[in-house]
Amino acid sequence: MATEDKTPLREAAPSPGRTSKTPDRSKVARNRIIAGVVIAVVVLVAIFLLTRGAGVLSLTNDEPPVGAVNFHLKGTEFVATQLSGDKQAQKDTAKATADAVKKQLDTLFETAYVDPGSWGDTGEIGDLFTDGAKGQLKDDIATITLGDNAGDTYDSVDPGKSSAKVRTLTDKSGNALRAAADISFTGLAKHKDGTYTTITVTGTFFFVKDGDTWRIEGYSLDRKEKPAKAPVPKGSSSPSAVAS
Amino acid sequence: MTRRFVAVVLVLAAWLAGTVAGSLGSSPAAASSPGIAIGKAHTAEYTPSLTGSKPVVILAVGSGARPGEDPLHSLSDSIHLIFLNPDQHAGTIVGIPRDSWVDIPGHSSNKINSALAAGGPDLMVQTIEARFGVHIDYWAITTFWGFKSMLDKIGGLTVNVPFRMYDPSYSGADLQAGVQRLDGAQALAMARDRHSLLSGDFGRQENGGRLILAALTQFQKEFNGDAGSLFDWIGAGMTQINTSLTVDDVMLLAYTATAQPVGKLRNIVLPGSSQTIGGLSAVALNTTAVSQIFNDVTPDGIMSKKNVPPSPTANQP
């Protein structure tokens, strides 16, 4: 351990009148060094524990980080509306449509469920819907979004596994006419009281093309929420690991 | 001094440990939080739909074309006018006997089913509009094989067959009475059979209406279980139907149909009697009753109970 010979700071910057040390003084100095090291270690460990992953507590930021929603495309298919037609063109269209619809779904759930800054704010997601559907959003706020005043209840929602099967109505030339996405979204919600729930939203979104954008013109959705265990700390894994 | 440092370190460590342990060790069972009912399912449904008190009128025709023939220029086998009142979610299915003797614009009087053969859908529409004073918004025409294929694609149709139907020589119908799942061929046989019915074509037109209602019932049931199945129905229908409806129209009608109570749709057949007219076996419609029916149903698509004609199969054993 530390000895007089191994106190370079003191040797490097000796104070006037302290060049000659007594045995008692060096013991006190050694204890102070030990205490300092212990405090530093404890503080470092505490900081590590408090800020790891999504953070059990946050010392530096009141808002948890926003996780990215990433719908996995389970299936992509076209539904022909005419008997004859270019099958390959329709297949290609279905793939491109599914990719476009997936992006809309990612944006919708990230905004409506994951980003605390837009919870319960139908205005933030309005552009994803047709005018007709937009008018219905307020009534369906508890399903389309985390909920009105969700910030009073929830601390964060960590997105888990989410999937979508996208079907595209096509004409014989391979033009996309409509799309339907059967979806399953999962998120692990942390509540203000420290408890956790798993949120699941399942159902179907109907999309219509508006210029270059696919907008939601209809939906049929179920949202369920059930108690969940707190995420188990494992290395740097995030709580989303249990929200699947 | 040293003791104070040690004490401070211990207190700090205990506080941190307690805080961290307390956070990590939260009860796994979540409790309800104010304003949120945990475990309560929320649902949300919205589809665009038709609106307005003016009825939408669709002419649905089963073409009697055989393979190789033009379904749009053949004799029609079944003829139905479907009235839908969007605002009241009610309507009427009016079956028109195919042998009804009518004036065909630009042609001489003939059976109504010859209008399709003589001038295609446009003349068929024109003939019905002129005879009954109704405006038709859309027409949809299918064939025997299209009807069969359509129903097979959706996995068959659950139908309450109202009575025993046995017609091995013509339609091939061999159905027991009662609720059952019919495949495409069986449903087609039920739609075509007139020989085993006491009321002949009148009863056949009524059975056509029954099949439409059965399809609507099943469509709604499947939509409520899996909304995405709507595309299966649309795909099955549009590939087998010639229609004046655009995809947008079909989508809007399909969305509207999801919320159309089946019980608020009446299924009637225009009354008349079989006669020989112009040397042909034809149907002379009951002019008074037909006028009452169309005066009643045309403005709003809804038929008053007092004007509902007797069921042509009421006496079928």
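**Strand pairing and core of the predicted complex**

A:Phe207 stands opposite A:Ile216 of strand E6(A), in a model that is predicted, so local features need pLDDT of at least 70 and side-chain atom pairs count only at pLDDT 80 or more, while totals for chains, interfaces and linings use all residues. Residues are numbered from 1 along each chain as its sequence is written, and chains are lettered from A and ligands numbered from 1 in the order in which they are written.

The complex receives an ipTM of 0.82 and a pTM of 0.78 from the predictor. For chain B, the mean pLDDT (the predictor's confidence in each residue, from 0 to 100) is 89, with 87% of the residues at 70 or more. Over residues 8–39 of chain B, pLDDT stays under 50.

Chain A contains six helices and six strands, where helices (H or I, at least four residues) and strands (E, at least two) are DSSP runs numbered from the N terminus. Their order from the N terminus is α-α-β-α-α-α-α-β-β-β-β-β. Strands E5 (residues 196–210) and E6 (residues 213–228) of chain A run antiparallel and are joined by 15 bridges; two strands count as paired if DSSP finds at least two bridges between them. Two residues lie between the strands of this hairpin, and A:Gly211 takes a positive phi near 70°. Strand E6(A) is also joined to chain B: five bridges link it, antiparallel, to strand E1 (residues 42–46) of chain B, with A:Leu221 opposite B:Ala44.

A:Phe207 turns up again in the largest nonpolar core, which has 123 residues; A:Phe207, A:Ala181, B:Leu59, B:Ala187 and B:Met190 touch the most other members. Such a core is a set of buried Ala, Val, Leu, Ile, Met, Phe, Trp, Tyr and Cys residues joined through C-beta atoms within 7 Å. A residue is buried if 20 or more other C-beta atoms lie within 10 Å of its own, exposed if 12 or fewer, and partly exposed in between, with C-beta atoms placed from the backbone. Of the 244 residues in chain A, 36% are buried.

In chain B, an open sheet of six strands with mixed pairing has the order E12-E7-E2-E3-E4-E13. Its edge strands, E12 (241–243) and E13 (265–269), each pair on one side only. Strand E4 (residues 90–95) runs parallel to E13(B), and five bridges join the two. Here B:Ile93 stands opposite B:Asn267.

Note on methods:
Contact = placed C-beta atoms within 7 Å.
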